[in-house]
Amino acid sequence: FDAARDPDTKLWVDLERQIFADRWDRIPGLIVQLRQRVAAGKQFNMIWLSDMMTATGHARDYLEMVEAGAKLNPLDREQRGKGAQAAEAIGDYDRADAMVRDSLAQVGRTGLITEAEIRTALSRGRPDRALAVLATLDKSSANKVFLTIAQAANGDEAAARKSLAALEAEGERPATLILAYFQLGDIEKANQLAAQVDARPLGSLELLG
C-alpha cells in the first residue's frame with residue numbers, strides 16, 4: 001500500500017485491503033473516491049466490486065461506473081455481465097434485460113451475462129424462461145445451480161431435488177447451494193450452510209457473492 005506508485009493504485013489497493021480484512025466501514029467513503037476517479041476518465045477492473053457495492057446499497061453507483069467504463073472499453077464482456085446483475089439486484093429488470101440484449105449483440109455470451117439473464121428471468125417470475133436459457137448450456141456450465149432453483153420455482157420439486165443431489169455429489173461449494181435449499185423451502189438447511197461458510201476464512205466474501 002505504501003509503495004503504491006500513484007493515487008489511483010493506492011485507492012484500489014486500499015479498497016481491496018478493506019474488503020479482504022472484513023473492515024467494510026470505510027468502503028462507502030472509498031467508493032465515493034472511486035466514482036470521482038471514474039468520472040474523471042480513469043479505468044478500473046471493477047468486476048469483483050459489483051457484489052460489494054450492491055450489498056452496501058451502491059448498485060446504482062456501480063451501474064453508472066459500468067456505463068462510463070463501457071464508453072472507454074466497449075468490449076469489456078465481464079463488466080457488462082456484472083452490470084446487468086446489479087440492475088437485476090435492485091429490481092430494474094427492464095434495464096437488466098436491455099443490458100443482456102446489448103451484450104449478446106455486441107460482445108457475445110459470457111458466463112456472467114448468462115447468469116444475469118437467468119437471474120432476471122427468475123426475479124420476473126419466469127422460471128420457464130430461465131429453464132429455456134439453461135437448456136442451451138453445456139453440462140459443465142457454472143450456472144448449474146440455477147437449474148435446481150428454476151425447477152423448484154417452476155413447481156417441479158422432484159426434478160429440483162434430483163438436480164440438487166447431483167450438485168452435492170459433484171462436491172459443489174456450500175455457498176452455491178444456499179439459494180437452492182432456500183428455493184425448496186428448506187430454510188434450516190440453508191441457514192446451516194450459511195453458518196458453515198461464514199465460519200471459514202473469507203467466508204463473508206463468499207456469502208456476499
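Tutor: Helices here are DSSP runs of H or I with at least four residues, numbered from the N terminus. The model is predicted, so local features need pLDDT of at least 70 and side-chain atom pairs pLDDT 80 or more, while totals for chains, interfaces and linings use all residues. Residues are numbered from 1 along each chain as its sequence is written, and side-chain values use heavy atoms, without hydrogens and water.

Student: OK, what volume does the largest pocket have?

Tutor: The largest pocket has a volume of about 1,100 Å³, taken as the space filled by probe spheres set on grid points joined across faces, edges and corners. A pocket is an open set of points on a 1 Å grid where a 1.4 Å probe fits, with protein on both sides within 12 Å along at least five of seven lines, and lining residues have an atom within 4 Å of a point.

Student: And which residues are closest to its centre?

Tutor: There are 37 residues lining the largest pocket, and Asp51, Glu115, Arg119, Leu208 and Gly209 are the closest to its centre. Several helices supply at least two lining residues each, among them α1 (7–20), α5 (77–89), α7 (111–123) and α13 (203–208), but the largest share, six residues, comes from α11.

Student: How many nonpolar, polar and charged residues are in that lining?

Tutor: The lining of the largest pocket has 22 nonpolar, eight polar and seven charged residues, where Ala, Val, Leu, Ile, Met, Phe, Trp, Tyr, Cys and Pro count as nonpolar, Asp, Glu, Lys and Arg as charged, and the others, including Gly, as polar.

Student: What about the second largest pocket, how much space lies in that?

Tutor: The second largest pocket holds about 250 Å³ of space, and of its 14 lining residues, Leu134, Asp138, Lys139, Lys144 and Leu147 are the closest to the centre. Both α9 and α10 (157–169) supply at least two residues to this lining, with α10 giving the most, three residues. By class, the lining of the second largest pocket has six nonpolar, four polar and four charged residues.

Student: Back to α5 then: why is it largely enclosed by the rest of the structure?

Tutor: Helix α5 is largely enclosed because 10 of its 13 residues are buried, meaning under 20% relative accessible area with a 1.4 Å probe and protein chains only, whereas over 50% is exposed and in between is partly exposed. Among the buried residues of α5 are Gln79, Arg80, Lys82 and Glu88. Just after α5, Gly91 takes a positive phi of about 85°.

Student: Is Ala169 buried or exposed?

Tutor: Ala169, which is found in helix α10, is exposed, with a relative accessible area of 69%. The C-alpha atoms of Ala169 and Leu63 are separated by 37 Å, and these residues are 106 apart along the chain.

Student: And where is the place of Arg200?

Tutor: Arg200 lies in the loop between α12 (187–198) and α13, where Arg200 is partly exposed, with a relative accessible area of 34%.
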